[in-house]
Amino acid sequence: MIEITEEYLQVAKEFKKKFGYGVPLSMIPPVSDTPTLIINIKECIENNKDDLLKRYNVSYGKDHLL
Amino acid sequence: MKMSISNESVAVLREFADKIPAVVENIIEDTKRLIEVYNNVEDEVGPHREDFLQLFHSINRSQKASGDAIKELSYILRCTADKMESYINYGTAGSSILQGNNTDYVRRYHTGTEGRLKTEGSNVLVKELYNEYSDEIRIIDFDHTGVAYYSPSSKGIKLNAMADMHNPTGNFSTYFHEAGHMVDDYAGNGHTWLSSDPEYRKCLYQDMESYVQKTIVCKHCERPEAYDIISEEISGVWNPGVSDIFGSLTECRCQGTWGHDPSYWQEDTTRVEKEAFANMFEASIGSGEKLENMKKYFPRAYARFEYIIRSR
């Protein structure tokens, strides 16, 4: 389960600074765990590439509403 | 027709599932008519009156039992069609509550959603709308491991009930958000959604812009800094909907803790008002904090949301 910790908020702020937009937290599967999410966000920042949703295999139909 | 995992079979199953409610309705009507006919001739049946009464009791019981079973069949057919479609499109169907023996778990989930609905502070208008369509709300998967969604084509919701029971933004928030999408779809006139209202969309942008301008003036700053200030302000568990709406209107540049990806909004611009509707719907059910915040940041849009519901 995702928990909003101080560490998460800090890394989410860095993500926004790097990419210009916020972490799409509403699209991350809720069964994910926070430590792994933090690692994934950090790696996106380090790699200068936002592939966060791909890391979670997020896919949805054209008419789906999340 | 031979069934196989194909789009054709998916369509056939859904068509069949759609027809079932009418079949049930016919059985109920026919039974009623039979009883009416009997009541009209009751005095003339003579010594066999008791036999006839037994027979009608038996028909009534069978009708009730078969009606419920057939309704279940419709649900199961839709679930099967959804799973087949999921296999075709994504190569996986995930696990389903139908495959397990988790009736207690589902019951607890439903009891929890009922509890939140009864919370003092919920918007009565929204509760009425929910109650009007609550029998139509169809959860395809209670243990979906991906992100929750509502599919307008299958008229079904996939979510993870366990995660939602411990949702950091309030228990059952995902349920009421997705139910909001479903009600938005169902309560439209069949061709459009309730939220497909140009004035509603206009109000959303006006409210966002007003708040940004107010922040610029009050904090003596430029727009990017105002975005940062507001993003900070709308972070936290009581603002997931407000945060998401701000994100949808600013290409996710002004967004708190919760929100979608910029591409999600770009792919279909009507998602802006559809998601806003679901966010307002969810904020309207439960303790008042979310609702107060929603009205604070989106006063005109929320008033329009209520107007849309009232005038449906």
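**Where chain B meets chain A**

Two salt bridges cross the interface of chain B and chain A, a salt bridge being a side-chain nitrogen of Lys or Arg within 4 Å of a carboxyl oxygen of Asp or Glu. One of them joins the side chains of Lys16(A) and Asp228(B), at 3.9 Å from N to O. On chain B, the side that touches chain A draws at least two residues from each of strand E2 (149–151) and helices H5 (161–165), H6 (173–186), H8 (223–233), H10 (262–267) and H11 (271–283). (Helices, H or I of at least four residues, and strands, E of at least two, are DSSP runs numbered from the N terminus.)

This is a predicted model, so local features need pLDDT of at least 70 and side-chain atom pairs pLDDT 80 or more, while totals for chains, interfaces and linings use all residues. Residues count from 1 along each chain as its sequence is written, chains are lettered from A and ligands numbered from 1 in the order written, and side-chain values use heavy atoms, without hydrogens and water.

The contact (heavy atoms within 4.5 Å) takes 39 residues from chain B and 29 residues from chain A. About 2700 Å² is buried between them, with carbon and sulfur atoms giving 60%; this is the accessible area (1.4 Å probe) that two parts lose on being put together, summed over both.

Now to the backbone. Phe172(B), in the loop between H5 and H6 of chain B, has a positive phi of about 70° although it is not a glycine. Glu251(B) also has a positive phi, of about 55°.
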